[in-house]
Amino acid sequence: MSILFQLIFSGISVGMIYGVIAFGYQLTFATSKTLNFGQGEALALGALVGLTAINFIFGTIWGTYIGVGWSYLLMIPLVLVFGFLQGTVVERLGVRQAITIKSEAGWIMSTIALGIIFKNLAENIWGRDGLKFPSPLPEAAMTVNLGFAEFRVQPMELAIIFGALAIMLAVEFFNRKTVFGKAVIATANDREAAGLMGINTTRVISFSYALSSLTAAFAGVLVAPITLTGATMGVVLGLKAFAVAIIGGLSSGMGVVVGGLILGITETLTGYYISSGYRDVPGLILLLLVLAIKPSGLFGRATIKKL
Amino acid sequence: MRHITKGFWLVGIAALIAAPLVIHNSYYLHLMVAIAILSILTLGLDVVFGYTGEVSIGHASLLGIGAYSAGVLVFLFNLGFWYALPLGLVMGGVFGLILALPALRVTGPYLAMVTLAFGTIIQILINEMVFLTHGPQGITLYTPLLVNLTEVMSWLPSSWSESLPSVKRIKEIQFFYLVAVALVFTIWVINRILRSRFGRAFEALRDSPIASDCMGVSVYRHKVLAFVISAVFAGFAGVLFAYSEQYIAPNNFSFELSILLLLAVAIGGRKSRVGPILGATIIVFLPNLLADIVLFRIVAGVIAAIALVWFIQSLVKRSESIRQRILPIILCLGFFGFSLWLKQITDFKLAIFGVMILFVVYYLPDGIVGFFRHFMPKPKPEQRHNSVAAKNHAAGFWNNPIKSANPEILRVKGLKKHFGGIRALDGIDLVVQSGTIHGLIGPNGSGKSTLMNLLTGIYNPTEGQIELDGQSLAGLNSSQIALKGVARTFQNLQLFNELSLTENIMVGLNHSYRSGFLATAFALPQARREEAAARQKSLEILHFVGLADQGDELAKNLPYGKQRLLEIGRALALSPTLLLLDEPAAGLTAPDIVELMAIIRKIRDHGITVILIEHHMDVVMGICDSVTVFDFGQKIAEGLPSAIQKDAKVISAYLGQSAT
């Protein structure tokens, strides 16, 4: 029983990471009907920049005074700014022109190409080996007692869950409550009409890419302490997030959280009860099943065709 | 032009036959085999990527499926090449179907996402299922010896058989010819498919998916078909690949290869046969190019030189595109400079690869073939069809007009369509008499077009029934409804712009073919007969709408008024019982409108019921047998045109209530 709880718990924390990345896909898909096929690289870059930043902060004379935890917190704004800039670069080089050509193939190939370039540059800067990311929280697992079951939890896994929810809520809050956020929603609803109302939709799309990469970079520093950090760390995560985005629905905010949890939990269960080699397989099967049964995703709404 | 292409292909085949006699180095022969095998794959990929515009990032895995079909047969059952070949084709097709059926249900980047995930999963599965695939250790196979020449020759004098090359060499040559035949066969079959109704459908669904569905050409089914075709060729290439490399392992079929294959099609040139082959050649040499810094500098220099010539040409011609050409030329020169600066290349291999993709996407969207096509004189459209012959048979397609036995062809009961809180249609009852022209009028936003979209299955009703000829249309999609005999035109024209007039009509005639896919792919006599018949019929229809002399023109080049007529012609190709015309006179000049009215009357006289939405009152009053008036999603009046004109409700709906 307790092993089951433990599996479900780590499934939830992995799933939240998938959810945040998929949330990033949604942000750009809503405004521009495109998404960044190099999102995994955005995550890896975020984590690597975070690693350099935290080592730098911790290495300064104040470092020993403030400790790893505070260094981690101080590093986060730097990573967010970096992610923001990286997203604008992706939009400028990979998407803007491709949207005007109206070719599906164009932006898919150019965002993949940018992902490849980023990965290669990261390999040249940070090397090809996985690096250890200092953990801001104690790494020893704590025991949680639910009365009927007892299981062990890594504090960082808890931090992932809260961090992921926090960034998604922050972006949602921004979109709903600020004027600029309203422009984002307006563009998402009808790009042409928003443009006619004087909204600079090009800038909105660019901004949504910036936000998308920002969330990915944040996900990178969230997950980094419990894995190895390196240029290729994002590839599989980005791919899983595709599955999550489709399962939850590319157009539904709630969907990615639930989709992430479904995928994360199925994976850890498959990994433990069947074989760790097969843990990635149920994702694809779920993905195909959801597309076959409800193509707009579990929580997505079918769009109305306009003539 | 046709002769030139034919000559070109004959030279190509002759070169293939001569190659092993000239090339004695088995490394180069192997390179040619590799190019041919990848060409089979990229030619198939072009059907999806070039023609339907969908992106597949899983073709390397489909190649792997084919290769492992061969590998597993050897590994587990010791069965050789001739067993692997059919299995590879079937497995490619089956996996293609499993991916395409769910992924293509919705438009968007779904196929790319699904195939990308599939690629990763397949690599994991091949690694994990050791009992089947031998896992990461891979499988070794041996190039088959198809005909044992030493045995065949054994009855000859011994001096002859001694002069034969070694068994290894014979194997190489035989396998080369086998792959060459496979390549020529692939080109032939793909040409047959793309020039048939299937190829037209692939292009049509890209131009206007809605119109395709409404012509009975299901977008979904044809996209799935295109993907399965390409998957079968990928499986085919996979079997050949396994026997050519003689060793396969999971990491042969990586994500990078899938991207490389897409790059091959894009860089060579989409929607052509030469392009994918050229692209395959480039990607076979790419690893060598990216491993040798000197070679890389030379190639970068040549590219920069070509770009410079291209730029100077535009300066000389003073063409307007100079400003657009500045950036790519700077990039090309910069790339050359970068190649000179670079000390060693291996660390930046992938980044260079990425830059190549970006460059192709932005500055070479039509590939190398498209780039050089710009310099060639444009071929004149060939007058392949005799329009006089069409004139003589102009009445042909009216021979058996479909008359409905039912006096009421269309019955609509309590039809509602709500978009959120907006009641676009709020409980409509409508009966259309067979063989009449029934007008639908009403102010903008009164629900006329919504009704049209409900009748053709583009929308699903919120409530209510639609019966065509006594049969309910509930639950049918657009293309099924079209095949039941409901044709339509569109308020905003939805022509297949990249197709000729004749081909536009022939898409509408898609329903008239009986021969299946295989009969078409192998150009069996029945398929050819039907193609000729459809071409003839399309000319007759063009003649009927007065466009017979422009049959080979592209639809986008037609003036607006003629485009409306072409749309009516395309709808007639469906041999409909009910024809829906959505504002056919919008934007037409007065003489065009007279011609249009005559055509609509003729259509009615041949037994086709017409529903006409129109704002030109003189058209409505002039040709309609009865008229229904809509306002705010409800029917406010119905009857003869003359009665409608005097109806107080109608007048107030159009002009507003009088003040008194």
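## Interface between chains A and B

In this predicted model, 52 residues of chain B are in contact with 44 residues of chain A, contact being heavy atoms within 4.5 Å. The two chains bury about 4300 Å² between them, and 76% of that area is on carbon and sulfur atoms. Buried area here is the accessible area (1.4 Å probe) that two parts lose on being put together, summed over both. Tyr110(B), Met113(B) and Tyr362(B) supply 15% of the area that chain B buries against chain A, more than any other three residues.

Between chain B and chain A there is one salt bridge, defined as a side-chain nitrogen of Lys or Arg within 4 Å of a carboxyl oxygen of Asp or Glu. The side chains of Arg128(A) and Asp347(B) meet in a salt bridge with an N to O distance of 3.8 Å.

## Domains of chain B

Chain B is divided into domain 1 (16–291 + 345–358) and domain 2 (405–485 + 576–660), with bounds from an automatic or database domain assignment. The C-alpha centres of these two domains lie 52 Å apart. Their contact takes seven residues from domain 1 and six residues from domain 2.

Domain 1 and domain 2 of chain B bury about 410 Å² between them, with 78% of it on carbon and sulfur atoms. Asp213(B), Cys214(B) and Gly216(B) supply 76% of the area that domain 1 buries against domain 2, more than any other three residues. On the side of domain 1 that touches domain 2, the residues divide into four nonpolar, two polar and one charged; Ala, Val, Leu, Ile, Met, Phe, Trp, Tyr, Cys and Pro count as nonpolar, Asp, Glu, Lys and Arg as charged, and the others, Gly among them, as polar. Between the two domains there are zero salt bridges and one residue pair in polar contact, both at pLDDT 80 or more.

## Cysteines

Zero disulfides are found over all chains, a disulfide being a pair of cysteine sulfur atoms within 2.5 Å. Cys214(B) is buried at a relative accessible area of 2%, and Cys624(B) is likewise buried at 8%. Buried means under 20% relative accessible area, exposed over 50%, and partly exposed in between (1.4 Å probe, protein chains only).

## Conventions

Residues are numbered from 1 along each chain as its sequence is written, and chains are lettered from A and ligands numbered from 1 in the order in which they are written. Local features need pLDDT of at least 70, side-chain atom pairs count only at pLDDT 80 or more, and totals for chains, interfaces and linings use all residues, while side-chain values use heavy atoms, with hydrogens and water left out.

How values were computed. A polar contact is a pair of N or O atoms within 3.5 Å; within protein, one must be able to donate a hydrogen and the other to accept it, and residues adjacent in sequence count only if both atoms are side-chain atoms.
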